[in-house]
Structure formats: C-alpha cells, structure tokens
There are 2 protein chains.
Amino acid sequence: MPELRQSRATKDWVIVATERAQRPRDFVSRSPRKHLPEHDDTCPFCPGNEHVTPPEITAYRSGLSEPNTKGWRLRVIPNKFSALAGTGSRKRESVDNFYRRMDGVGTHEVIIETPQHNLSLATMSAPQVEEVFLAYRERYKELRGDGRFSIVIIFRNHGPRAGTSLEHPHSQLIGTPVVPTHIRRLLEEAMRYYDDHGTCVFCDSLATELRSKDRLVFETKNFVAYEPFASSVPFETTVISKTHNASFGNISEREAREAANVTQSILQTIHLKLGDPDFNLVIRTSPFSDENEDFYHWYIQIYPRLTTMAGFELGSGINITTAVPEETAKFLRITKFQPK
Amino acid sequence: MPELRQSRATKDWVIVATERAQRPRDFVSRSPRKHLPEHDDTCPFCPGNEHVTPPEITAYRSGLSEPNTKGWRLRVIPNKFSALAGTGSRKRESVDNFYRRMDGVGTHEVIIETPQHNLSLATMSAPQVEEVFLAYRERYKELRGDGRFSIVIIFRNHGPRAGTSLEHPHSQLIGTPVVPTHIRRLLEEAMRYYDDHGTCVFCDSLATELRSKDRLVFETKNFVAYEPFASSVPFETTVISKTHNASFGNISEREAREAANVTQSILQTIHLKLGDPDFNLVIRTSPFSDENEDFYHWYIQIYPRLTTMAGFELGSGINITTAVPEETAKFLRITKFQPK
C-alpha cells in the first residue's frame, strides 16, 4: 500500500510509492565517475591559475605565500559569473504598474575547498573538511553585518545532475537582499508549532528520531544524522545539532569542526555505499533578523540526485519517492544503535 | 545588473542572472532526439499490446473494435506502477506519536495519446491533440464526483530530463486524497489578493500582459499565452483562458478544443525553434472544493527542461534563470502584436 507522509516542519506531503519501490541497493550507481587528474592546467580553480579568478577574499595558506599565488589550502573568491551584484538598490520597483522587481543586489562567493582537482568532501582528509566548514563560518560572520543582505545560503553541488559545471571541489555562498518566500514559510510553520507547543519543531523532531531510532544514521556527542520521515528524495539526510540554535553563524569553532566531521561521515557512507552519486548539500539557517529565535533551528540537508523531478512534482509540490526512509537509514547506518 | 523579480501569484522571487545571461538561441538543442519507429513491438502502449496493460478505463475508437484490442485513437488505462492505490483510508494517523501519515489512496491514470509510437503533442494532428484535451476533461469530470480525491493533477512529461521512462506519447493524471500544500498556498495568496483588490490575480495578470505585450507569445479569441514576468525557468510559458474560471472541469468542449490548439501552437514553436527540448506540462486547476471561487483561475504551465536545479534553488526556493522572459517571448512569438 502506498503511503502519504507529511513533514512536520514544512507541512509538505510526499508519496512513498510502494508499487514502484526500490530497495536501497537498486540505487547504487553502476556507471563509475570519470577519472580526474590531481591537477588540471585548464582548471581556473587549480593552483597556478590564481590570476584567472577574481582576486581572493580570503585564503588559508601555509608559510610565506602571497595572496593570489600558489601555496593555499583553501581559497574564497567572488564568483566570476555572479548571480547577484555587489551594488544596486534594495528598493522594490513596480513594472507595468503590476509586478514587483528590484536590483539583483547581493553577493556570490566560491569556496575552493582544496588545491587538489580530483577530491570531494567524501575523499578529502578530515582536517580539510573542517577547514571548509570554518571558512563557511568565517564568511557567514563577515557577511551578517552587511545591511545589503537578509540571509546567506551556503550550498555545495556535486556532479552534473546536481547542477555543477566545474569539477574542481568547491562550495558556494549567496547572500540575498530578500528573505526567500520558501524560507519565510518554513519559519512561519515553525513559529506556529512553537505557539502551539512551546517547543522548537526541529528539537522535537530530533528527540523523536533519537527515541524511535528507525531513521537514525549517525550520532555523535552533539549531532544527529537521520533520514527525514517525509524524505522528498531517496537517501535525503538531515544533519542537526542537539543544541538549539537558529543560526549557523552562532556556532562555535568546535561545533563547526564536529558538524564537518558528521557531514563528512554521511557523505562517505553515501559515496561508498551508493557509488559516489551526485548530490546537493545546503545549510538551512535563519535570516539575519531571526538568528536568536526559539522556534527555528539551523541544520544541514543532503539531497542525493538519484531521481528526476517530473510534471506531477512541479504541478503539486508533492514529491513521489521510491525509497522508504527506514530502509535507506538502515542501509547507510554508521552508528550501531541499541534496539528500542 | 542582475534583477530579482517576484511572482504576483506565488510571491516567489526569481533571480534573472544577467552576468550569465544567454540569448534565446543559446538554448537551442544541438543533439537531435533519437529517431523512433512508428511502431515498436516491445512498447506496452503500442497497438497489439493492449493485453500487456491493465484493462482500459475508456478509449476513443473508430468503428467496430472491441475494448482492449487494436482500433483505438486514444486510450486511458490505470497506471500499472501506480503512485497511489484505489483502496485505503483517508484517515490521518500518527507515527512515533509525532509525525502524520495516511494510506496512499488515490488514482493514477495514463492517457495514451495516439497509437503512433513516434509522435509528440507538437507533431500530432490538431484533432488528435483536441481529443487528448477532451480525454483530460472527460476523466476530470468523472473523477470530481469521487469522494476519495481532493484534486486531480493532469500532467505530461516529454523526454528523459522531464522524468519520462516510456517514449510512447502519453499524459498522466493523479488524484490525491489531500490538497497539496503547494496548491493550498497558491490559493491562499490568490485569496489574499482578492481580499485586497476585489479581483482575481490571474485575470489581472493576463490583463497586464495584454496591455504590456512585452511577454506575449500568442493570442486567440479566448486564450492568451505568455512568458511569466517571474519565469522560474527559461521559456516557461503560461496558457490561460480569458474567461475567469477556477476549474478545468468547468470548461466547455469548445473551450477544451481551443485550449488544445493554443497549447499545441506553443509546443510547436518550442519544438521548432528550440530543437524539441524535454518539457513538463501541468494543468493547474483548483481543488474540487474550490471549483467556483472568484479568486482562483485554472491555467496550463509549460516548463522546458533546459537547466538543472542546484543547491541554491533547493535551499532557498529562489530559481536562478539565465534567460530574460521579454527576450524568450520575442523568440517564441506566434501572433504579430501591434506595438504599444
């Protein structure tokens, strides 16, 4: 019997289509990824090509190397083909006396995660991934004071099905001058839950997951990773802090390192057990104006791109998934949990 | 300068990324679609294989042919790998004393549009496409009386990037036991607009488009086709009736035929000028409970699948588009409109 499941956080429904259900191992990729070299002279993100990119915003370097030369471990640069511009007005304007537009003011940065062309977050060293998360945190904290932006979205695309055009390992960050409607609705639902229950819906979700254990994948001292009850795609995974906190920008350096380790563990189990599928990773954090709210909770969402969104999903907003979260959790599981 | 545009209907923002802007002709496909035969013995939807599919629900047949045999022009069957089941309870249940689930009760039908394996809505005859729309209407009217469903979503996937697995031309229809949250929000925004203005936001949009002419593609006696001001993907196109009507199920046979002709014209111009790209088509109609509302308006949305949704889109709900709707409208334009 197929099943409809509703997310507590978004109220969105998903269909778990049992008639077309696939077992977790049916999703394993059989086409190995193209072999990449350690260094590619034509890659704008490879060492030696620093002059090809816009000048760096910050970099983690060893020793005596100069900015915009070799010798970096991680490099943050403005996106050369930026989706938003550094200048412009935040004033909304009317078009045809009916529609609303504004200048695309914002920021769009690229975090080049490693000098090595052929690594991924799953195959880098642990300290390297920690530095990636420290760079996310540093850039977030720098941008939160900038009155031009309302929120910063940090994300990672891995592979062509996830929308990446450059192979060299990199993350991105976009600061937008509006609170996205999608985020506003997530906050509204969370606020409504808080007003009903006096608790954070994300804290209650993670407590439910720790109690149920059915969808848990990994647990550390301060973090939990699980497959959401109403996963919108197969192997969707949430990484969430046990400590309530609305903003990624509020976390300590120690917490950033632990978040990096947990995220890497999840990406490693996905890489190894599913054959390095394409994926998107997003840090869902509050707008700057809601960083200390009791009702919202920052978290990381990982979306393996194993399926294609079709007309029904576009028309209804209901995703059809052919994997059962309790089964994908079991398949990916890292921690050995005590039975209930 | 990049631009942010907001949809009046959904309040969703999109980024028109001028730094990466592509001209309409940059989207033309250079890889021609695989040549398909007129008939494929191994295709479950081809004539002669009627026994392979579940028994037909209805069919348009000429002469004396029997159900579930050759001789049909169009055939409606239950989806063999149905996303939802015909039986089950609409009662919501609690899982882990926290989440909400219900049986996946609903219906999932396939409309086989033509016996000929290698056609598409763009290349069929006009009367054939009219019959497809008459079948949509017939099935809608049959299902609206069924208390198990709250809404019927009619959609069409064309090509693998649009999520289709079978090449034989077909549309689908899913009846769900809940009003999708996505549709509920669309209705809420439309209701809020109505309460502010006393008019339908979709009627006002189409009046704006007819006045502005900048995004118009095609106009007939009773229908208009245009590129939405806040298009979420390049060449997104809306086909909408000039007559206010919340439900596709309320339209006359004559209106269904005209909607078919207009939609086919749009798909033909997309097919010819963009090189037969993959696309999704959705009929956005009200839930059964809102079929006579003054604030909602049924319409058809066409989404060419020329780009890939990435981490920013998943994380923010803001789509980045690299095409300017005024330019794509000019490129696709069918009607010669008088200058303003």
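Predicted model: local features only at pLDDT ≥ 70, side-chain atom pairs only at ≥ 80, totals over all residues.
The interface draws on 78 residues from chain B and 78 residues from chain A. Between them, the two chains bury an area of about 6,400 Å², and carbon and sulfur atoms account for 61% of that area. Polar interactions are also found across the interface of chain B and chain A, with 30 residue pairs in polar contact, both residues of each pair being at pLDDT 80 or more. On the side of chain B that touches chain A, helix α3 (residues 201-212) of chain B gives the most, contributing seven residues. By residue class, that side of chain B consists of 34 nonpolar, 23 polar and 21 charged residues.

Eight salt bridges were counted between chain B and chain A. One salt bridge pairs B:Arg215 with A:Asp96, with a separation of 2.5 Å between the closest N and O atoms.

Strand β1 (residues 3-6) of chain A and strand β6 (residues 99-103) of chain B run antiparallel and are joined by four bridges. Within this pairing, A:Arg5 has B:Arg101 as its bridge partner in β6(B). A:Arg5 and B:Arg101 also belong to one network of salt bridges that share partners.

B:Thr181 touches A:Thr10, A:Lys11, A:Asp12 and A:Trp13. The relative accessibility of B:Thr181 is 11%, so this residue counts as buried, the limit being under 20%.

Over all chains, a search of the whole structure finds 52 salt bridges. Side chains of opposite charge can pair when their charged atoms come close. Within chain B, B:Lys34 forms a salt bridge with B:Glu167, the closest N and O atoms lying 2.8 Å apart. B:Lys34 is located in the loop between β2 (13-16) and β3 (58-61) of chain B, and B:Glu167 in the loop between β8 (151-158) and β9 (170-176) of chain B; the pair therefore ties together parts that are 133 residues apart in sequence. B:Lys34 counts as exposed, at 57% relative accessibility, whereas B:Glu167 is partly exposed, with a relative accessible area of 41%.

A second salt bridge within chain B joins the side chains of B:Glu130 and B:Arg257, at 2.8 Å from N to O. Because B:Glu130 lies in helix α1 (residues 126-143) of chain B and B:Arg257 in helix α4 (residues 253-274) of chain B, this pair ties together parts that are 127 residues apart in sequence. B:Glu130 counts as buried, at 14% relative accessibility, while B:Arg257 counts as partly exposed, at 31%.

B:Arg257 also forms a salt bridge with B:Glu253, the closest N and O atoms being 3.0 Å apart. Both B:Glu253 and B:Arg257 lie in helix α4 of chain B, where four residues, about one turn of the helix, separate their positions. B:Glu253 is partly exposed, with a relative accessible area of 41%. B:Arg257 is thus paired with B:Glu130 of helix α1 and with B:Glu253 of helix α4.

Conventions. Residues numbered from 1 in each chain as written. Chains lettered and ligands numbered in written order. Heavy atoms only, no water. Contact = heavy atoms within 4.5 Å. Buried area = accessible area lost by both parts, 1.4 Å probe. Salt bridge = Lys/Arg side-chain N within 4 Å of Asp/Glu carboxyl O. Polar contact = N/O pair within 3.5 Å; in protein donor to acceptor, adjacent residues only side chain to side chain. Helix = DSSP H or I, 4+ residues; strand = E, 2+ residues; numbered from the N terminus. Nonpolar A, V, L, I, M, F, W, Y, C, P; charged D, E, K, R; others polar. Pairing = 2+ DSSP bridges. Buried < 20%, exposed > 50% of the residue type's maximum accessible area, 1.4 Å probe, protein only. Lists of a residue's contacts leave out its neighbours within four places in sequence.
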